[in-house]
Amino acid sequence: MLTGLHFLLTYTCNLECDHCFLYSGPQAQGTFTLNQIRQLLDEAVKIGTVEWIYFEGGEPFLYYPIMLEGIKLARAMGFRVGVVTNAYYATAEEDIEVWLKPLGELGIADLSISNDPYHYEDEKENPALRAQKVARKLNLPVAEIRIEEPQVTAGAGEKQGKGEPVIGGGTMFRGRAVEKLIADLPRRSWQEFTECPYEDLESPKRVHLDPYGNVHLCQGLSMGNAWEKPLSKMVKEYDAGSHPICGPLVRGGPALLAKECRVEHEDNYVDACHFCYSLRLKLLDRFPQYLTPKQVYGLE
Ligand code: SF4
């Protein structure tokens, strides 16, 4: 049952983090217009099960007035609203209040602020901490998103064979993380990756929407295009089994996707997402309507 729609309000970000699975950065293009937001919120109502609307990115505060208007529209329709931000604007307490107060007045139900070594090297004094402090003072429902750099640990992460190394820290090996962070990490045989460990591709609880109309089940893995088919209809008719990428992933993970699509691949990968993402990169031109947009694969 789909309960959450996450608007990637913009792909643009002031930062360019190594772990970003959307390849966001200052040069990344693509931002929602109000008209598009309105259209998809109307569809959210029609779906009937959606409770949460999130505004994230990229960095949604880069398009602050549009984000506020989007929140206002969603709240007027009765949705609970969350916002995800890196708090780049958090300079001084008085100024932060100016940025955050309107969100409180609109009754947002979650303000998630990224604070980790990818975003800010100084753990004790940084914009995220300043914003968290002011958010608490304003009684905003604040939470922290913390992703550590990958470390080899035992007993953490996805299911794996006893005694084998796993990678902790919460970094997802998709997008820019695959380009930047996998070099020294231990790998396991491709045959072990027989399920998608993170996404419920059969019955997704939330999807991400981008300004090009893509409805992401996982970053760069699209259910379809909401500008070509109404989102409510798409969600109603969605059948993972007949989706050319999700079908094999549901039945047997990236290992089956590789076999069914006859993709040449390496013998070993860091984890299921690394394998899945690497396969999808090779399948982009075969399934352009489902593996899109190319920019989240680091291509233009
Ligand atoms: S990258 Fe593939 S295996 Fe990983 S969560 Fe996404 S769909 Fe699942």
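Visitor: Let's start with Cys276. Is it buried or exposed?

Guide: Cys276 counts as buried, at 10% relative accessibility. Keep in mind that this is a predicted model.

Visitor: And Cys246, buried or exposed?

Guide: Cys246 is buried too, because its relative accessibility is 0% and buried means under 20%.

Visitor: How many disulfides turn up in the whole structure?

Guide: Zero, from a search of the whole structure.

Visitor: Remind me what a disulfide is.

Guide: It is a covalent bond between the sulfur atoms of two cysteines.

Visitor: OK, zoom out. What secondary structure does the chain have?

Guide: Eight helices and twelve strands.

Visitor: How compact is the chain, and why do you say that?

Guide: Its radius of gyration is 19 Å. The globule rule gives 19 Å for 300 residues, so the chain is as compact as a globular protein of that length.

Visitor: What box do the C-alpha atoms fill?

Guide: Roughly 55 × 45 × 35 Å, taken along the principal axes.

Visitor: How many of the residues count as buried?

Guide: 53% of the 300 residues.

Visitor: What about the accessible surface of the chain?

Guide: It comes to about 13700 Å². Carbon and sulfur atoms hold 49% of that.

Visitor: What share of the contacts joins residues 24 or more positions apart?

Guide: 68%, counting contacts in the chain with a separation of 6 or more.

Visitor: Give me one residue to look at. Where does Ile66 lie?

Guide: Ile66 is in helix α2. At 24% relative accessibility, Ile66 counts as partly exposed.

Visitor: What is Ile66 in contact with?

Guide: Leaving aside neighbours within four places in sequence, Ile66 is in contact with Leu9, Phe32, Leu34 and Ile37.

Visitor: How far apart are Ile66 and Leu34?

Guide: In sequence, they are 32 residues apart. In space, they are 6.6 Å apart, C-alpha to C-alpha.

Visitor: New topic: backbone. What do most residues and peptide bonds do?

Guide: Most residues other than glycine have a negative phi, and most peptide bonds are trans.

Visitor: Which peptide bond near Gly58 is worth a look?

Guide: The one from Gly57 to Gly58 is cis, with omega near 20°. Gly58 sits in the loop between β2 (52–56) and α2 (64–76).

Visitor: And what joins Thr292 and Pro293?

Guide: A cis peptide bond, with omega about 0°. Pro293 is in the segment after α8 (272–283).

Visitor: Now phi. What is the value for Ala87?

Guide: Near 60°, which is positive, in a residue other than glycine. Ala87 is in the loop between β3 (80–85) and α3 (93–105). Ala87 is buried, with a relative accessible area of 0%.

Visitor: And phi of Asn139?

Guide: Phi of Asn139 is also positive, near 60°. Asn139 is found in the loop between α4 (127–137) and β5 (142–145).

Visitor: Asn139: buried or exposed?

Guide: Exposed, at 70% relative accessibility.

Visitor: Last one, charges. How many does the chain have, and where are their mean positions?

Guide: There are 31 positive and 42 negative charges. Their mean positions are 5 Å apart.

Note on methods: Residues numbered from 1 in each chain as written. Predicted model: local features only at pLDDT ≥ 70, side-chain atom pairs only at ≥ 80, totals over all residues. Heavy atoms only, no water. Helix = DSSP H or I, 4+ residues; strand = E, 2+ residues; numbered from the N terminus. Rg over C-alpha atoms; globule rule 2.2 N^0.38 Å. Buried < 20%, exposed > 50% of the residue type's maximum accessible area, 1.4 Å probe, protein only. Contact = heavy atoms within 4.5 Å. Areas by Shrake-Rupley, 256 points an atom, 1.4 Å probe, with all protein chains shown as cover. Lys, Arg positive; Asp, Glu negative; His and termini not counted. Charge placed at Lys NZ, Arg CZ, Asp CG, Glu CD. Disulfide = S-S within 2.5 Å.
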